[in-house]
Amino acid sequence: MTTERGAIFVGNSFPFSLVRRPMEAVPVTLEDAQRLLFGREFFSFWGHTNSLGAASQFIGYDLTPRRNRPALGLDKDGFLVLEGVSAREVLLLTPEYPEGFRPEIGQEV
């Protein structure tokens, strides 16, 4: 985790096709995630409406995106951009599925 307090993006999945710079993935606890968001401007790119309410309740912040199904892009330096804002940090909330669970093709979970 970084101490830089710029904007942070929050979502439920990450498009690895946008990786153009070295990156580090660090698992964090719920408490760490809440501390990452506290007092910061964050932008949600949550893409699944069926899990939005549960995820918002879990993290304690409204994760409703500012527009429907926002798409991440890249700025001129290769950092992620959303709604015209660049960020160097992304917080992904991922579910813990039962062992062996695989969703059906096309099933949103």
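The following questions and answers concern a predicted model.

Trainee: Does D32 count as buried or exposed?

Mentor: D32 is found in helix α1, residues 30-37. Its relative accessibility is 17%, and the cut-off for buried is under 20%. D32 therefore counts as buried.

Trainee: With which side chain does the side chain of D32 make a polar contact?

Mentor: The residue in question, D32, belongs to helix α1. The contact runs from side chain to side chain at 2.6 Å. The partner of D32 is R35.

Trainee: Where does M23 lie, and what does M23 count as in terms of relative accessibility?

Mentor: M23 lies in the loop between β1 (8-11) and α1.

Trainee: How much accessible area does the nonpolar patch on the surface have?

Mentor: The patch is formed by F16, V19 and M23. M23 is the residue placed in the loop between β1 and α1. Together the three residues of the patch have an accessible area of about 290 Å².

Trainee: Which strands stand at the edges of the open sheet?

Mentor: The open sheet has three strands in the order β3-β4-β5, with antiparallel pairing. Two of these strands have a single partner strand each, so one side of each is left without a neighbour in the sheet. The edge strands are β3 (73-74) and β5 (85-87).

Trainee: Which residue in β4 stands opposite G73?

Mentor: Strand β3 is joined to β4 (residues 80-82) by two bridges, and the two strands run antiparallel. The residue of β4 opposite G73 is V81.

Note on methods:
Residues numbered from 1 in each chain as written. Predicted model: local features only at pLDDT ≥ 70, side-chain atom pairs only at ≥ 80, totals over all residues. Heavy atoms only, no water. Helix = DSSP H or I, 4+ residues; strand = E, 2+ residues; numbered from the N terminus. Buried < 20%, exposed > 50% of the residue type's maximum accessible area, 1.4 Å probe, protein only. Polar contact = N/O pair within 3.5 Å; in protein donor to acceptor, adjacent residues only side chain to side chain. Patch = residues over 30% accessible without salt bridge, like charges linked within 9 Å, V, L, I, M, F, W, Y side chains within 5 Å. Areas by Shrake-Rupley, 256 points an atom, 1.4 Å probe, with all protein chains shown as cover. Salt bridge = Lys/Arg side-chain N within 4 Å of Asp/Glu carboxyl O. Pairing = 2+ DSSP bridges.
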